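Could you walk me through this fold, one piece at a time, in plain words? I would like to follow it with the model open beside me.

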Amino acid sequence: MTLHVSIDGLRPDAVTPETAPFLDRLLAEGRSSREARTVMPSVTLPCHTSMVRSVPPTRHGVTSNTFTPLARPVPSIADQAKAHGRRTGMFHNWSELRDLADPASLDVVMMNSHNRAHEDDHRVTDYCLAALATEGLDYAFLYLGHVDSAGHAHGWMSDAYLAAVTNADACVRRAVEGALDPDLRVLWLSDHGGHDRGHGTDCDEDMTIPFCVWWPGVAAARLEGVQILDAAPTLAAMLGVPGHEDWEGTDRSS
């Protein structure tokens with residue numbers, strides 16, 4: 001089973017042994033980068049669309065947090081997985097992500113629109129764990145939104161923001177350990193960073209993201225030149241399905 005985790009608004013310099021010990025360990029043990037780059041505008045929906053469809057906003061046309069139908073559709077990783085016979089699920093707490101895949105490509109969808117408190121990320125993690133236990137999923141996308149909401153409310157790298165990072169770390173640990181799958185493969189990353197109380201610019205604080213491929217026994221490696229477009233091809237390889245010919249990213253799983 002492949003678990004795809006997106007932690008909205010997580011800056012790589014917020015991932016330390018003190019604030020996020022589990023994520024920090026996965027970065028050390030996995031194929032990872034603390035210097036991966038997202039796309040402009042560094043805003044949640046454009047970045048996630050590039051994450052799952054492996055094309056930049058100039059190609060997919062989503063340039064704000066309001067979805068715009070693609071004039072020339074590019075399949076998402078969930079679409080590609082479903083087309084090749086995989087069972088898929090999506091678990092999130094920001095409703096605008098509903099357009100990241102064709103609804104028919106998802107076997108299970110669970111959404112709670114609240115992401116302003118620690119328990120909101122735990123609730124969506126509970127949804128994911130329940131489905132992993134009962135639905136026989138091959139691909140599960142888990143989105144945690146509270147880190148971003150804490151950044152907007154209190155400032156990136158504030159005490160409240162770092163507490164939200166620690167909370168997200170606990171959620172990812174629960175998801176990975178609770179999957180109870182010795183063959184589990186994980187890709188976790190963020191969509192963008194942030195500074196002050198916002199993001200969306202081309203400054204390094206907004207554009208730099210963590211990216212980590214991990215499974216038990218993976219050969220650790222520090223990756224260079226990683227971009228958010230690499231997520232979908234990497235997930236496809238981890239799922240054993242072909243990448244789509246229109247995708248522009250690179251498989252980082254090997």
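Helix α7 has 20 residues, and from its first C-alpha to its last it reaches 28 Å, close to the 28 Å expected at 1.5 Å a residue. Keep in mind as you look that this is a predicted model. Several residues of α7 are buried, among them Y161, A164, A168, C171, V172 and V176.

As a general point, nonpolar side chains in soluble globular proteins tend to be buried together.

Setting aside neighbours within four places in sequence, I7 is in contact with L23, L144, V147, A168, V172, W188, L189, S190 and D191.

Strand β1 (residues 2-7) pairs with β5 in the parallel sense over six bridges, and the bridge partner of I7 in β5 is L144. Strand β3 (residues 88-92) also runs parallel to β5, joined by four bridges; here F91 has L142 as its bridge partner.

How enclosed is β5 itself? Six of the six residues of this strand (residues 139-144) are buried, so β5 is largely enclosed by the rest of the structure. Its side chains point two ways: Y139, F141 and Y143 go to one side, A140, L142 and L144 to the other, and all are buried.

Now step back to the whole sheet. It is open, with eight strands in the order β4-β3-β5-β1-β6-β7-β2-β8 and mixed pairing. The edges are β4 (108-111) and β8 (221-222), each with a single partner strand, so one side of each is left without a neighbour in the sheet. For an antiparallel pair, look at strand β2 (residues 31-37) and strand β7 (residues 208-214), which share five bridges; R37 stands opposite T208 in β7. Helix α1 (residues 21-29) packs on the sheet, touching β1, β2, β6 (185-189), β7 and β8, and its direction makes about 70° with that of β7. Helix α2 (residues 44-53) packs on the sheet too, touching β1, β5 and β6, with its direction at about 160° to that of β1.

One last topic is the cysteines. How many disulfides are there? The count comes to zero. C171 is in no disulfide, and the nearest cysteine sulfur, that of C128, is 11 Å away. C171 is also buried, with a relative accessible area of 0%. C212 is in no disulfide either: the nearest cysteine sulfur is again that of C128, 17 Å away. Like C171, C212 is buried, with a relative accessible area of 0%.

Technical notes. Residues numbered from 1 in each chain as written. Predicted model: local features only at pLDDT ≥ 70, side-chain atom pairs only at ≥ 80, totals over all residues. Heavy atoms only, no water. Contact = heavy atoms within 4.5 Å. Disulfide = S-S within 2.5 Å. Buried < 20%, exposed > 50% of the residue type's maximum accessible area, 1.4 Å probe, protein only. Helix = DSSP H or I, 4+ residues; strand = E, 2+ residues; numbered from the N terminus. Pairing = 2+ DSSP bridges. Expected span 1.5 Å × (residues − 1). Axes fitted to C-alpha atoms, helices over the stretch in contact; angles between N-to-C directions.
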